[in-house]
Amino acid sequence: MCKVFHIFSLSAILISGCSNDTQSNDQNNQHMMNQNNNEGNHHMMGDSAMGNGHMSHDDVVRLEDSTGENELYIPPLLTSETTEGTEYIVKAQKGKVNIFEGVTTETLGYNGDLLGPVLQFKKGETVKIKTINELDEETTFHWHGLEVSGEADGGPHKTLSPSEEALIEFEVTQEAATLWFHPHPEGKTSEQVYKGLAGLIYIEDSNSDKLEIPKEYGKNDIPLVFQDRIFDEQGQLDYKAVMNEDGTIGDTLLVNGTVNPELTVGKEQVRLRLLNGSNARNFTFKLNTGESFVQIATDGGFLNDPLKLNEVTLTPSERAEIIIDFSQLNSTDDLSLINEDGSILLPFDVSNQEVDRTQTLGQLNDFAVTEEEKNMPVTKNIELFGMMDHVTINGKKFDSRRIDFTQKQGVTEVWEIYNRKDMMGGMIHPFHIHGTEFKILSRNGIEPEENERGWKDSIAVHPGEKVKIAVQFKHKGVYMFHCHILEHEDNGMMGQIEVK
Ligand code: C2O
Ligand code: CU
Ligand code: CU
């Protein structure tokens with residue numbers, strides 16, 4: 001804390017007294033209202049990021065560096081309402097948060113003012129969730145990456161009106177992974193997510209239980225939701241004013257809802273569960289020292305082996321779990337996670353205390369693409385095309401009454417996703433399918449990079465690229481597939497598949 005001084009944070013420093021010690025993690029869990037001691041005017045919009053119409057995705061507004069003056073907020077783990085089985089209540093509600101010192105920002109959240117708690121499921125258990133809509137508008141509760149029936153999936157057909165409730169029930173049939181949840185009402189997803197509706201889901205299983213990896217929640221197993229936002233002069237998230245049809249991109253980073261975050265860690269291996277929860281921005285995460293870390297998981301499960309990397313790119317809705325070994329780094333002074341363009345995303349405050357806990361990471365999983373899957377013919381073709389309001393899938397815009405494809409439950413098919421270039425060259429579309437985790441077979445005919453050889457539910461498809469994926473649905477129902485630039489989704493870059 002208090003490593004970076006600049007004129008705007010002076011008042012906050014005087015008030016907080018800047019007791020430059022490491023915070024305990026209990027303190028992390030205080031409500032955000034109390035812990036964001038940041039004077040925020042320098043982060044609020046004057047004129048830079050908004051209002052200038054079309055923004056090229058190759059040349060996006062740079063995020064302001066995190067000054068590290070606020071300890072990262074760690075969301076609570078949601079606890080079950082009963083002792084028999086797992087029963088949760090998840091409520092979408094309006095909130096007010098002091099993201100900036102002395103400024104009340106109107107937000108949306110699950111069971112709180114902003115974002116949501118972390119839901120934790122165990123493979124094999126039956127989960128009941130009572131979903132409650134306390135907003136003034138329709139919403140849905142979508143479980144991104146969760147293999148459930150179309151009934152429970154919370155797509156745009158499953159809207160809850162204001163003050164309506166619904167009980168969903170499902171069995172957890174998939175392996176350990178970091179998933180997330182967010183709303184999905186037709187045409188309104190981007191705004192509701194932008195204002196704060198998103199949370200993480202952890203699935204654990206017997207494999208993750210026995211793996212020797214960091215698992216102390218909030219201590220060395222850290223949830224991290226990265227989102228870029230634009231605040232107006234009043235410190236508000238005025239979505240309609242800043243909305244860009246090609247995906248709203250902001251200049252201000254929130255991590256777990258914290259502006260200018262810093263994460264205090266021990267000198268030990270720390271597992272970071274990264275979610276790109278932005279509407280449109282891509283992130284390439286790396287350490288400012290250029291040192292490596294290991295990736296252990298993709299969207300839907302563990303990689304087979306820990307993979308040493310210098311950077312990892314996530315497009316909207318993609319996740320990666322990485323482990324940074326803070327006991328092995330050359331220097332832990334001014335260490336931070338940065339973006340590709342060098343902007344500081346998350347500074348670390350590494351405590352000097354050695355924690356004697358370095359574990360050798362062994363094999364993590366037994367993910368495999370079979371010969372049979374490799375040789376299967378393509379039976380579904382998806383063509384992504386366009387920009388701004390003119391985005392389509394196979395030349396069409398979303399129509400909730402039209403079923404675009406059907407597939408049999410439990411039968412694997414190969415989908416080929418093609419991102420057709422336009423005159424401007426086109427842009428990356430992160431393609432996502434509901435209700436399933438799939439395998440990437442090839443990108444332009446070539447086997448995917450090692451860090452994509454694991455379960456995925458969202459993939460970056462680059463302009464001109466053809467990606468083959470093997471898709472199987474374990475459950476039945478109608479599911480969405482779409483571009484996860486949320487403004488593209490709301491602009492109709494979405495289709496439906498019925499699984500029978
Ligand atoms: Cu993150 Cu349609 O989903
Ligand atoms: Cu989804
Ligand atoms: Cu798109």
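**View 1. His142 and His432 coordinate the copper ion (ligand 2).** In this predicted model, the donor atom is NE2 in both His142 and His432, at 1.9 to 2.0 Å from the ion. His142 belongs to strand 6 (residues 142-144) and His432 to strand 26 (residues 429-433), so this pair ties together parts of the chain that lie 290 residues apart in sequence. His142 counts as buried because its relative accessibility is 1%, under the 20% cut-off. His432 is also buried, with a relative accessible area of 0%.

**View 2. His429, Cys483 and His488 coordinate the copper ion (ligand 3).** The donor atoms are ND1 of His429, SG of Cys483 and ND1 of His488, at 2.0 to 2.1 Å. Along the chain, the donors of this ion have the spacing H-x53-C-x4-H. His429, in strand 26, and His488, in helix 8 (residues 486-490), link distant parts of the chain, 59 residues apart. Both of these histidines, His429 and His488, are buried.

**View 3. Residues 1-42 have a pLDDT under 50 throughout.** For the protein, the mean pLDDT is 89, and 87% of the residues reach 70 or more. For residues 1-42, the model has 79 contacts beyond four places in sequence. Where pLDDT is low, the predicted coordinates should not be read in detail.

**View 4. Residues 45-55 form another stretch with pLDDT below 50.** In the model, residues 45-55 have 23 contacts beyond near neighbours in sequence. The caution about reading coordinates in detail applies where pLDDT is low.

Note on methods:
Residues are numbered from 1 along each chain as its sequence is written. Chains are lettered from A and ligands numbered from 1 in the order in which they are written. This is a predicted model: local features need pLDDT of at least 70, side-chain atom pairs count only at pLDDT 80 or more; totals for chains, interfaces and linings use all residues. Side-chain values use heavy atoms; hydrogens and water are left out. Donors are N, O and S atoms within 2.8 Å of the metal (3.2 Å for Na, K and Ca); water is not among the atoms, so sites may look incomplete. Helices (H or I, at least four residues) and strands (E, at least two) are DSSP runs, numbered from the N terminus. Buried means under 20% relative accessible area, exposed over 50%, partly exposed in between (1.4 Å probe, protein chains only). pLDDT is the predictor's confidence in each residue, from 0 to 100. Contact means heavy atoms within 4.5 Å.
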